[in-house]
Amino acid sequence: MRNGFLFFLGLFAALALSWAGIVLGSNAQLGQLAPLMDENEGKAFPERFPGLAAQGEKVYRDLGCATCHTQQVRRPGFGSDKERGWGDRQSVARDYIQQPVVHLGESRIGPDLANVGARKPAYDEADLYKLLYAGTDTMPSYRFLFQTRSTADRQPSDYALRLTGKLATPAGVEVVPTERARLLVAYLLSLHQSYEYPEARPIEPAKEGDK
Amino acid sequence: MTSASQAAATAEVTEIDAGARGPVSLLIASGLVWLVVSSALALLQLLQAHSPALLADCPIFTYGRTAAMKETAFLYGWAANAGFAVALWLLARLGGAPLRSTNWSTVGLLFWNFAVLAGIVGIAVGEGNSITFLQAPRAIQPLLLVAAAAIAAPAILAWIDRRQQATFAAQWYAVAALFLFPWLFSAAQMMLLWAPVRGVLQAVSAGWFVQGVWTLWLAPVALAAAYYLVPKITGRVLPAYDFAPYGFWTLIVIGGWTGGRHLIGGPVPAWIPSIAIVSATLLLFHYIIVALNLRGAFGVKSTALRFVAAGLLAYLVGGLVDAVFAFRGLAAITQFTWFTQAQLQLALYGAFSLTLFGAIYFLGTRIAGRAWPSSPLLRAHFAASVLGTVVLVAGLAVAGLTQGNALADASATFEQIAADTRVWLEVAAAGQALLLLGNIVFAYHFIRLALAAVTSPVAPDAVSFRRPPAMEASAS
């Protein structure tokens, strides 16, 4: 390799080729994806995040939730995603086109969250607050997202956690979620991939003789 | 000291080394500080995975932030600084001329390390991006890019200034790493931070970037060091050296395509993981050539070379594991588990860091003009690094396989999975503790070497240098 110019050109071409192939290639395939207008419901899917949820995404991001949680339901044949109740169908690219930042995730120390707003039975805000406050054996508690305060000189908050057992607070003291906790929970409850796009019909594992 | 030995010493510690002393030693010193920081954070992360309540009340150490800070300290703190140091020194040595414009490197590395510090503080206070290898806040990323360009400038000048037209494999790899990093890094910043691409394209681009950081930046730096040290220390021409260009171009051309391996089954076009699997297999060609070329590294009595041999072994095993576990049947189990962490640590600690340790032991003597002060410290570092890497990677790998099999079984709850993997995470944490210990020893040893060089500039033990083999700057 004597010719320095050719050498640099080769290096650059190699990098540019892989970028063009992978990034431009998938952009050519997915870049035109548009929300699907449903005439019966009179709106397009997927929907944008409501304002609170859009802000909650930032909380999800800065706490690093994606370090332990994915947001993607894999096709049947890949693990037990459906059996665990994480989603009735596999995630498709269109599910994510309205999300400014996509957190597909790389690790499942905890459950998948792609459909956390569409669980059966459904989670409500109180469940998630309690989970964040108390933690579990496998998930840390996020107590700094809550404020413990006295109710002596104020109305009890509507959002106050109803804590029982070991976590119960003494009379006159309440635990309320901070703004950040509310945003995060709004984000989590807005995560759902339930709309059936044409390309998202549940795939059953191929059987012998099936078309 | 006889005049002959003096001549030998001056021939070995040339003006090339003297000219590179400032920036190279500063780069190594800052790299070692970050290495110790990142191994401490890595230990904390494993302990938190083991018992989630640890430091849970402390917002700057949520599990996610600990992991992000560890990654930033390791990649941009240790790996980048050490990689720049080794690449600068190698290109000066192989070019046969002293580095020019080293002030660029010095200023660049000050800004670089400031940016890394700002990035880690940014993550701690909640400004992180939660994107693998781009965790640090958006605002400091351009600073890193500019600083990298400044640090690398003298190295590129050294390539241009080289005394002979023909080049060595070590030069190709070092130049490729320095030249490709800014392109890769700026493209990733644009696509993920400044003008984010739409939807799952973010995950595709992130996969391309993460793989590129390894195959186009860190692995080439390690290979540059190995391709320099093996013939230099053994004093023998590399076997099958004619094939080295094919090995090089295979890595550069194909390496960038293997990024989609971790997206199998996900909401991305299916051809992306497929092409990644094919590429991971094709890349075995590169590993075979590297193994053929560098097989002389094994079984030689030399501290530097023992590190390089261990790193090389990790590199080859890692390549094989990457290829085998890219296949869907196995990847479906290991996806989203500790196993991918094991693969990453085998690459970053095993292949990259061990090789760079070897290079730093070799160039440290040349830069300081004296031998390393203590051989027990050296042996302790070697033992802790190799044993630590093996235990860490093995612990993570078994934890990952256990976790993967349990995840595939819908009746296994996350509590059960955690209970099953806990013991293996303890093993991994023990390995990480060993690595932390080894890294502290190494940092301390480097400080002693630097202090000795500063306090008495004339090396009392320069006699101990070997005469440079005649092949320096003549073989190719």
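**Terms and values**

Guide: Within chain A, confidence is lowest in strand S2 (residues 43-45), with a mean of 89, and highest in H4(A), at 96. Confidence here is pLDDT, which the predictor gives each residue on a scale from 0 to 100. This is a predicted model, where local features need pLDDT of at least 70, side-chain atom pairs count only at pLDDT 80 or more, and totals for chains, interfaces and linings use all residues. Residues are numbered from 1 along each chain as its sequence is written, and chains are lettered from A and ligands numbered from 1 in the order in which they are written.

Visitor: What is the mean pLDDT of chain A, and what does chain B average?

Guide: Chain A has a mean of 89, with 94% of its residues at 70 or more. Chain B averages 91, and 93% of the residues score at least 70. In chain B, the lowest confidence is in helix H1 (residues 3-12), at a mean of 44, and the highest in helix H10 (residues 284-294), at 97. For the complex, the predictor gives an ipTM of 0.92 and a pTM of 0.93.

Visitor: What makes residues 51-63 of chain A a helix, and what span is expected of H2(A)?

Guide: Helices are DSSP runs of H or I with at least four residues, strands are runs of E with at least two, and both are numbered from the N terminus. H2(A) has 13 residues. Just after H2(A), Gly64(A) takes a positive phi of about 80°.

Visitor: Which residues of H2(A) are buried?

Guide: Among them are Ala53(A), Val59(A), Tyr60(A) and Leu63(A). A residue is buried if 20 or more other C-beta atoms lie within 10 Å of its own, exposed if 12 or fewer, and partly exposed in between, with C-beta atoms placed from the backbone. The buried residues of H2(A) pack against H4 (179-189) of chain A together with H3 (63-95) of chain B.

Visitor: How do you know whether Ser130(B) is buried or exposed?

Guide: Ser130(B) has 23 C-beta neighbours inside 10 Å, so it counts as buried. This residue sits in the loop between H4 (102-124) and H5 (141-160) of chain B, and has a positive phi of about 60° although it is not a glycine. Most residues other than glycine have a negative phi, and most peptide bonds are trans. Phe336(B) also has a positive phi, of about 65°, and is buried, with 27 other C-beta atoms within 10 Å. Two peptide bonds are cis: one joins Phe45(A) and Pro46(A), with omega about -5°, and another runs from Lys120(A) to Pro121(A), with omega near -5°.

Visitor: How many residues of chain B are in contact with chain A?

Guide: Contact means that the C-beta atoms of two residues, placed from the backbone, lie within 7 Å. By that rule, 66 residues of chain B are in contact with 59 residues of chain A. H6(B) gives the most to that side of chain B, with eight residues. The residues on this side divide into 41 nonpolar, 19 polar and six charged. Nonpolar covers Ala, Val, Leu, Ile, Met, Phe, Trp, Tyr, Cys and Pro, charged covers Asp, Glu, Lys and Arg, and the others, Gly among them, are polar.

Key. The expected span of a helix is 1.5 Å times one less than its number of residues.
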